[in-house]
Amino acid sequence: MVLHQVGHPLIPSNIEIPVPATDQLLLRVIACGVCRTDLHIVDGELAHPLLPLVPGHEIIGTVVKMGQKVQGFKIGDIVGVPWLAYTCKQCRYCKRHQENLCEHALFTGYTVNGGYAEYMVAYEQYCFPMPAIYANAAGAPLLCAGFIGYRSWNKIREDAENIGIYGFGAAAHILTQIAAFKKKNIYAFTKRGDTLSQMFALDNGAHWAGDATGHSPVKLDAAIIFAPDGGLLPVALRNLDKGGQVICGGIHMSDIPPFPYSHLWEERSIQSVANLTREDGISLLQVAPQVPVRTTVRIYTLEEANDALNDLRTGKLNGAAVLVL
Ligand SMILES: [Zn+2]
Ligand SMILES: [Zn+2]
């Protein structure tokens, strides 16, 4: 499925099977998750995508061919491919262990072709061996929703007890299970009256669920915002205890309305999270099987990719959409 022009639906297309470079794997795609970032790319909210583009950056695939220099994998291995496709290893960010900020990074399904296809190539050093329980469609949402959620989580002070999550989609449902496993209290804030999402949050281990427009029942030590609504930031800030943190987990957010400095004072802080490092991925894939995290997925065929994107856009999904080939 190919994006030819932003703002337009993906078009089913016949494309040639790509040839792996010396340090790349050729994968036959088993499943590919549909992430909100895909929606931002298709809708033109992220600048300069590769065009034409095969979107998709939560890929589970089987290695069917390899470049000559590949050392870490063999034919038949099932691997995961995330958003971070490649980094330069030379820029100042790479050198100081911030490869997520690399000046020359490539991103799967954005600046290089992704997994809304039968075959794709990926740089082996950015692929993950998948634990057996996640070597299928259920593992796909871990590769972005899981990784970015866990990176957001790791920005929070370790002694935080009461943690708010704004926007209860794919990332939140994975993270809430991990939080419950770590004996933290998750307060899930959803759109007003969205009782289905609130029930979904409680099913995944949330301590409390309610409307984002209402007050939190307790002062929060931290809040993670996954919803792309800048209006939630001042709301989350008002619910924070002294020294509390707001972490913005999304790649795109609408503008943030003004708020009084007193809401930020007393050492409250606001931080965004960008992309992922490979370390984030490794640590999430270590903790997920211990919980064990169980992803809720709605399955679509590859040809139904536009339907999956629409369902995500209209908020019709509980959990994650996954294309299965
Ligand atoms: Zn770099
Ligand atoms: Zn994503």
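Q: Which strand do the four bridges join to E8 (residues 162–166)?
A: Strand E11 (residues 220–225), and E8 and E11 run parallel. Strands here are DSSP runs of E with at least two residues, helices are runs of H or I with at least four, and both are numbered from the N terminus. This is a predicted model, where local features need pLDDT of at least 70, side-chain atom pairs count only at pLDDT 80 or more, and totals for chains, interfaces and linings use all residues. Residues are numbered from 1 along each chain as its sequence is written, with chains lettered from A and ligands numbered from 1 in the order in which they are written.

Q: OK, and what's the bridge partner of Ile163 in E11?
A: Ala222 is its partner there.

Q: What's the strand order in the open sheet?
A: It goes E10-E9-E8-E11-E12-E13, six strands with parallel pairing. Two strands pair if DSSP finds at least two bridges between them.

Q: Which ones are the edge strands?
A: Strand E10 (208–211) and strand E13 (269–272), each of which pairs on one side only.

Q: How are neighbouring strands turned against each other?
A: By 20° on average, direction ignored. Axes are lines fitted to C-alpha atoms, for helices over the stretch in contact, and angles run from 0 to 180 degrees between N-to-C directions.

Q: Which strands does helix H4 lie across?
A: H4 (residues 170–181) lies across E8 and strand E9 (185–190), and runs at about 160° to E9. Contact means that the C-beta atoms of two residues, placed from the backbone, lie within 7 Å.

Q: Switching to prolines: what kind of peptide bond joins Leu51 and Pro52?
A: A cis one, with omega about -10°. Pro52 sits in the loop between helix H1 (36–42) and strand E2 (59–66).

Q: And what about the bond from Val291 to Pro292?
A: That peptide bond is cis too, with omega near -20°. You'll find Pro292 in the loop between helix H7 (278–287) and strand E14 (297–300).

Q: What's phi at Glu266?
A: About 65°, so positive although Glu266 is not a glycine. Glu266 lies in the loop between strand E12 (240–248) and E13.

Q: Is Glu266 buried or exposed?
A: Exposed, because 11 other C-beta atoms lie within 10 Å. The cut-offs are 20 or more other C-beta atoms within 10 Å for buried, 12 or fewer for exposed, and partly exposed in between, with C-beta atoms placed from the backbone.

Q: Where's Asn275, and what's its phi?
A: Asn275 is in the loop between E13 and H7, and its phi is near 55°, a positive value in a residue other than glycine. Asn275 counts as buried because it has 21 C-beta neighbours inside 10 Å.
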